[in-house]
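Please keep the sequence and the structure in view while reading.

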Amino acid sequence: NLMRFLRLNPAIIKKFPIRCGGRTFFVVGQLEPTLRQLRKRFAVASMMQVHGWKLAEVSQRRSRVYPADALYTARPGVFLAVRSADCLPITFFSPEVGVVGVVHAGWRGTVKKILKKTVATVAKKFKISPRDFYFYFGPAARSCCYDIPLGDQRLRLFSRQFLKKRHGKIFLDFASANRQQLLRLGVPRSH
């Protein structure tokens with residue numbers, strides 16, 4: 001959960017505090033009013049999600065919308081925003097080099113291995129190991145409720161280990177599919 005993630009990784013708050021009105025916070029719930037408030041004081045980088053695996057580096061401290069499904073920055077004072085409904089929002093950071101990022105992992109991005117490619121690209125750029133990153137998986141449709149109709153093309157795109165059959169329906173587990181990408185990069189389960 002998010003609080004455990006932050007307790008285990010206090011460097012994210014020290015290096016990248018999000019302060020507005022004298023308070024430090026993370027956004028959960030209604031994003032648009034919060035983004036308007038944040039844009040008054042900070043550079044807010046957000047995504048016009050393309051449902052693929054396009055990655056963008058946020059190198060300037062100014063608000064901008066990127067046509068991408070993943071963003072990263074090492075620039076303090078930049079707020080990265082990711083929107084999702086049933087897709088999986090993933091936050092990552094490395095205290096080693098002070099880089100943070102967000103990933104929008106929908107079913108298309110998951111099939112295209114957006115998380116694995118993003119982490120490998122950012123690790124290479126900063127000359128660190130994927131093991132140096134910590135991750136938080138946000139709320140998303142899970143195997144409890146993301147059902148895929150029989151005969152749907154997505155059934156052929158995902159390994160059986162990520163598909164659960166119950167009551168005549170098949171359910172997809174986004175989180176496990178993305179977690180597997182991290183494990184294959186050598187990221188410890190505890191990160």
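Helices (H or I, at least four residues) and strands (E, at least two) are DSSP runs, and they are numbered from the N terminus. The model is a predicted one, in which local features need pLDDT of at least 70 and side-chain atom pairs count only at pLDDT 80 or more, while totals for chains, interfaces and linings use all residues. Residues are numbered from 1 along each chain as its sequence is written, and side-chain values use heavy atoms, with hydrogens and water left out.

**Contacts between separate parts of the chain**

Arginine 61 is placed in the loop that runs between strand E4 (55-57) and strand E5 (64-66). Its relative accessible area is 47%, so arginine 61 is partly exposed; buried means under 20% relative accessible area, exposed over 50%, and partly exposed in between (1.4 Å probe, protein chains only).

The table lists them by their C-alpha atoms.

| Pair | Separation along the chain | C-alpha separation |
|---|---|---|
| Arginine 61 and phenylalanine 79 | 18 residues | 9.2 Å |
| Threonine 73 and alanine 56 | 17 residues | 8.9 Å |
| Tryptophan 53 and alanine 68 | 15 residues | 7.3 Å |
| Glycine 77 and alanine 43 | 34 residues | 6.7 Å |

Is threonine 73 buried or exposed? Threonine 73 belongs to strand E6 (residues 70-73), and with a relative accessibility of 1% it counts as buried. Tryptophan 53 lies in the loop between strand E3 (43-47) and E4, and its relative accessible area of 35% makes it partly exposed. Glycine 77 is located in the loop between E6 and strand E7 (78-80); at 25% relative accessibility, glycine 77 is also classed as partly exposed.

**Salt bridges**

Side chains of opposite charge can pair when their charged atoms come close. A salt bridge is defined here as a side-chain nitrogen of Lys or Arg within 4 Å of a carboxyl oxygen of Asp or Glu. How many salt bridges does this rule give? The count comes to 2 salt bridges.

One of them joins the side chains of lysine 125 and glutamate 57, at 3.5 Å from N to O. Lysine 125 lies in helix H5 and glutamate 57 in strand E4, so this pair ties together parts that are 68 residues apart in sequence. Lysine 125 is partly exposed, with 42% relative accessible area, and glutamate 57 is likewise partly exposed, at 33%.

A salt bridge is also formed by the side chains of arginine 154 and aspartate 152, at 2.9 Å from N to O. Arginine 154 has a relative accessible area of 13% and is therefore buried.

Arginine 184 is part of helix H7 (residues 174-184), and its relative accessible area of 59% makes it exposed.

**Cysteines**

A disulfide is a covalent bond between the sulfur atoms of two cysteines. The criterion is a pair of cysteine sulfur atoms within 2.5 Å, and a search of the whole structure finds 0 disulfides. Cysteine 144 is in no disulfide, since its nearest cysteine sulfur, that of cysteine 145, is 3.1 Å away. Cysteine 145 is in no disulfide either, and the nearest cysteine sulfur to it is that of cysteine 144, at 3.1 Å. Cysteine 144 is exposed, with a relative accessible area of 53%, whereas cysteine 145, at 46%, is partly exposed.

**Backbone angles**

Most residues other than glycine have a negative phi. Lysine 127 is not a glycine, yet it has a positive phi of about 55 degrees. Lysine 127 sits in the loop between helix H5 (114-126) and strand E10 (134-137) and counts as exposed at 75% relative accessibility. Histidine 167, although not a glycine, has a positive phi of about 50 degrees. Histidine 167 is in the loop between strand E12 (163-166) and strand E13 (169-172), and it is exposed, with a relative accessible area of 81%.
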